[in-house]
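Below is a short briefing on one protein chain. Please read it alongside the sequence and the model.

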Amino acid sequence: LTAHLHGQRCPPYVINLDPAVHDLPFPANIDIRDTVKYKEVMKQYGLGPNGGIVTSLNLFATRFDQVMKFIEKRQNASKYVIIDTPGQIEVFTWSASGTIITEALASSFPSVVVYVMDTSRSTNPITFMSNMLYACSILYKTKLPFIVVMNKTDIIDHSFAVEWMQDFETFQDALNQETSYVSNLTRSMSLVLDEFYSSLKVVGVSAVLGTGLDDFFVQLAKAVDEYEREYRPEYERLRKTLEQAQNKQKREQLEHLWKDMGNVCVQGNTLAGSDDASAMGPSELILTRGTLDEEEEEERESDTDDIDHEVTEESHEEPAFRNFMQETRMKYQRSKPNE
């Protein structure tokens, strides 16, 4: 896919999210292996292979906002962004980091999920059904436009799989040759997936020969139109809902802050013994701080520490404050152990 786009003088922006891959057969603009060392993560956290991949993705997801900025900068230079995820499907699809990365991309750019299945290993109807169940689960998990790419058509043509998806009777005939319990389960599941097949985009390609990629980009264009038509309005609605909730929370915090500031100012005015200042709001008190006469300004220095010290001294003259201090001393005396 990368070579095909370079051949058409439309170089893609490539991101590798598989931290455990040994050799990357294509140039990557962003490689998770440059940021997170997979084996070190396994060693430090005492994890196995899948746990190491999940933890590496979690660590990388905390900095994915920087990746989004790089993608935004390359919008004009690169028409396509290809993101290669780990081969273990459940590691990315059902992890928190996979959800964070997918939703971050889908909320900003037209995003399409491409599910690559091995055609040569799906000639068995039970294995084929397992692949379709995987595809169905990913579709409903990501809630994004979806394309099933049947790879390795240079080994075996994918027409048999398309026929199984389009003709229920043909698939049932293939299942009749299987006598295991799983075949009965597969027969029941095929009825459930019939609706899933009706709207599924399927393309047969060969990664070795490059055949079928033109058809793939035709389906990709349809998927992008589907995103703009059905998915983007939903993401815009969710974004507006989130912004409204955040703005509401900010307003509530500001209201609490103003109330707290009002209470503090009223208490400060009472301690200072001013009758008129108690009716002032916080902004009025701030404006009147520097309106003293020149003679008073020479006697008093406008320093915060001095103001606090002055209020503290005047507050000692208040009866309520003296009662409070006396009660505090009595409590301390009662709680103090005998010497």
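K143 lies in the loop between helix 7 (125-142) and strand 5; helices (H or I, at least four residues) and strands (E, at least two) are DSSP runs, numbered from the N terminus. The model is a predicted one, in which local features need pLDDT of at least 70 and side-chain atom pairs count only at pLDDT 80 or more, while totals for chains, interfaces and linings use all residues. Residues are numbered from 1 along each chain as its sequence is written, and side-chain values use heavy atoms, with hydrogens and water left out.

**Loop residues with positive phi**

- Most residues other than glycine have a negative phi, and most peptide bonds are trans.
- K143, which is not a glycine, has a positive phi near 55°.
- K143 is exposed, with a relative accessible area of 58%; exposed means over 50% relative accessible area, buried under 20%, and partly exposed in between (1.4 Å probe, protein chains only).
- R9 also has a positive phi, of about 55°, and is not a glycine.
- R9 is found in the loop between helix 1 (2-7) and strand 1, and counts as exposed at 79% relative accessibility.

**Chain totals**

- The chain contains 16 helices and six strands.
- Of the 339 residues in the chain, 32% are buried.
- The accessible surface of the chain is about 22200 Å², and carbon and sulfur atoms account for 51% of that area; accessible areas come from the Shrake-Rupley method with a 1.4 Å probe, and for residues only the protein chains shown count as cover.
- Among contacts (heavy atoms within 4.5 Å) with a separation of 6 or more, 67% are between residues 24 or more positions apart.

**Confidence**

- Mean pLDDT (the predictor's confidence in each residue, from 0 to 100) is 80 for the chain, and 77% of the residues reach 70 or more.
- Confidence is highest in strand 5 (residues 146-151), at a mean of 96, and lowest in helix 15 (residues 304-315), at 38.
- The pLDDT is below 50 over residues 268-317, a stretch that has 29 contacts in the model beyond near neighbours in sequence.

- Three strands form an open sheet in the order 2-1-3, with parallel pairing; two strands pair if DSSP finds at least two bridges between them.
- Strand 2 (30-31) and strand 3 (81-84) are the edge strands, each pairing on one side only.
- Strand 1 (residues 13-16) runs parallel to strand 3 and is joined to it by four bridges, with Y13 opposite V81 in strand 3.
- Helix 4 (residues 64-73) lies across strand 1, strand 2 and strand 3, at about 165° to strand 1; axes are lines fitted to C-alpha atoms, for helices over the stretch in contact, and angles run from 0 to 180 degrees between N-to-C directions.

**N16 in strand 1**

- N16 lies in strand 1 and counts as buried, at 0% relative accessibility.
- The side chains of N16 and D31 make a polar contact of 2.8 Å; a polar contact is a pair of N or O atoms within 3.5 Å, and within protein one must be able to donate a hydrogen and the other to accept it, with residues adjacent in sequence counting only if both atoms are side-chain atoms.
- Leaving out residues up to four places away in sequence, N16 touches several residues, including V21, L24, I32 and D84.

- I155 lies in the loop between strand 5 and helix 8 (159-166), and is exposed, with a relative accessible area of 59%.
- I155 and S120 are 35 residues apart along the chain, and their C-alpha atoms are separated by 6.6 Å.
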